Amino acid sequence: MSDGFRLGLFTTIVRPEEKAILGAAGARGIPVVRLDDSDVIFGLDAPSATADVVLNRSVSHTRALYAARCFAHYGTPTVNPPDVIEVAGDKVLASLRLAEHGIPTPRTEIALSPEAALKAVERIGYPAVLKPAVGSWGRLMAKVGSAEEAEQIVEHKTALASPVHAVFYVQEFVPKPDRDLRVFVVGDRVVAAMVRRSSGWRTNAARGATTEPLAPSAELEELAHRAAAAMGGGVLAVDVMESPRGLVVHEVNPTPEFKALNAATGADIAGAIVDHCVEVGRR
Ligand SMILES: Nc1ncnc2c1ncn2[C@@H]1O[C@H](COP(=O)(O)OP(=O)(O)O)[C@@H](O)[C@H]1O
Ligand SMILES: [Mg+2]
């Protein structure tokens, strides 16, 4: 590509995913402008154009969201768009959105005080799952088996005095098999899917789950497309559990890692992401 098109890559660190993205851009002859999320400074007036589109790969939801809003202010499109990052990156907003679109998802209640959180846990029943509204890798999630455990977890969360832990996201524990399903959607295409298996209840690849490629059923593909579209579309990893009442979507990741998925399936995920960025940048 030699028409001056430039891809901005907004990162915290360069992981295997970002290396693969740089490689895919290089293979397509697309120059990449590297933007480090700890260096950038945004003014109120548009700077001279830095890139035609910015791909967000920041590991911080807050940095990603504010940066995407600033790029939008300058008229530079981002992948994903700010509204998608905002909703999909926050489990409270994402659950509301999934419900609004009639997409099956685990029963969830949101409470804003420790007292209300304990009531919500009672209403959901045991075991219940408490999750931070913003987070990944299954971090700081708790499976709560009794009122006593709920009190202890809620007390700890309250002591953390952090805005993320001031909101209580309470969910039914879904008695899934020893696995969940991940479907990677780019634009209007499912580019890869896998099973993540673990002896623990959190099946994140980052926690050491083993992975296998998955040929998604028509039902799973349709569900993934609906969940991605509900968030506003883009590059989204849809996490699905096999619950006794059928497939349920528990998360739609707006800045997914894909090292494990790539290793499991051999799919060219980075290439699909770069092609999608070009499409968005040329709109
Ligand atoms: N309600 C639930 N019931 C049973 N397992 C769950 C539930 N919610 C999450 N999990 C397990 O924990 C993992 C991490 O949860 P998730 O909501 O995807 O958060 P994260 O953003 O940290 O990945 C899931 O992949 C799944 O294996
Ligand atoms: Mg997840």
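Taken over C-alpha atoms, the centres of domain 1 and domain 3 are separated by 23 Å. The structure is a predicted model, in which local features need pLDDT of at least 70 and side-chain atom pairs count only at pLDDT 80 or more, while totals for chains, interfaces and linings use all residues. Residues are numbered from 1 along each chain as its sequence is written, and chains are lettered from A and ligands numbered from 1 in the order in which they are written.

The protein chain is divided into domain 1 (7–87), domain 2 (108–172) and domain 3 (175–273), with bounds that come from an automatic or database domain assignment. The chain holds 10 helices and 13 strands, where helices (H or I, at least four residues) and strands (E, at least two) are DSSP runs numbered from the N terminus. The radius of gyration of the protein chain, 19 Å, is close to the 19 Å that the globule rule gives for 283 residues, so the chain is as compact as a globular protein of that length; this radius is taken over C-alpha atoms, and the rule is 2.2 Å times the number of residues to the power 0.38. Along its principal axes, the C-alpha trace spans about 65 × 45 × 30 Å.

Two residues are said to be in contact if their C-beta atoms, placed from the backbone, lie within 7 Å. Among contacts in the protein chain between residues at least 6 apart in sequence, 67% join residues at least 24 apart.

How many residues of domain 1 are in contact with domain 3? There are 18 of them, and they are in contact with 12 residues of domain 3. On the side of domain 1 that touches domain 3, the elements giving two or more residues are α1 (16–27), β3 (53–57) and α3 (82–88), and the largest share, 6 residues, comes from α1.

Turning to the interior, buried residues make up 40% of the 283 residues in the chain. A residue is buried if 20 or more other C-beta atoms lie within 10 Å of its own, exposed if 12 or fewer, and partly exposed in between, with C-beta atoms placed from the backbone. In soluble globular proteins, nonpolar side chains tend to be buried together. A nonpolar core is a set of buried Ala, Val, Leu, Ile, Met, Phe, Trp, Tyr and Cys residues joined through C-beta atoms within 7 Å.

The largest nonpolar core has 57 residues, and those with the most contacts inside it are L55, F184, A227, V238 and I273. Helix α10 (residues 269–281) gives this core its largest share, 7 residues. Domain 1 and domain 3 both give residues to the core, so it lies between them. Leaving aside its neighbours within four places in sequence, I273 is in contact with I21, L55, V186 and V235. Apart from this core lies another, of 15 residues, among them V121, I124, A128 and Y169.

Helix α10 also holds E279, which counts as partly exposed, with 13 C-beta neighbours inside 10 Å. The C-alpha atoms of E279 and E151, 128 residues apart along the chain, are separated by 50 Å.

Some backbone details remain. A cis peptide bond joins V79 and N80, with omega about 0°, and N80 is found in the loop between β4 (78–79) and α3. The peptide bond from Y126 to P127 is also cis, with omega near -10°. W137, in the loop between β6 and β7 (142–144), has a phi near 60°, a positive value in a residue other than glycine, and W137 is exposed, with 12 other C-beta atoms within 10 Å.
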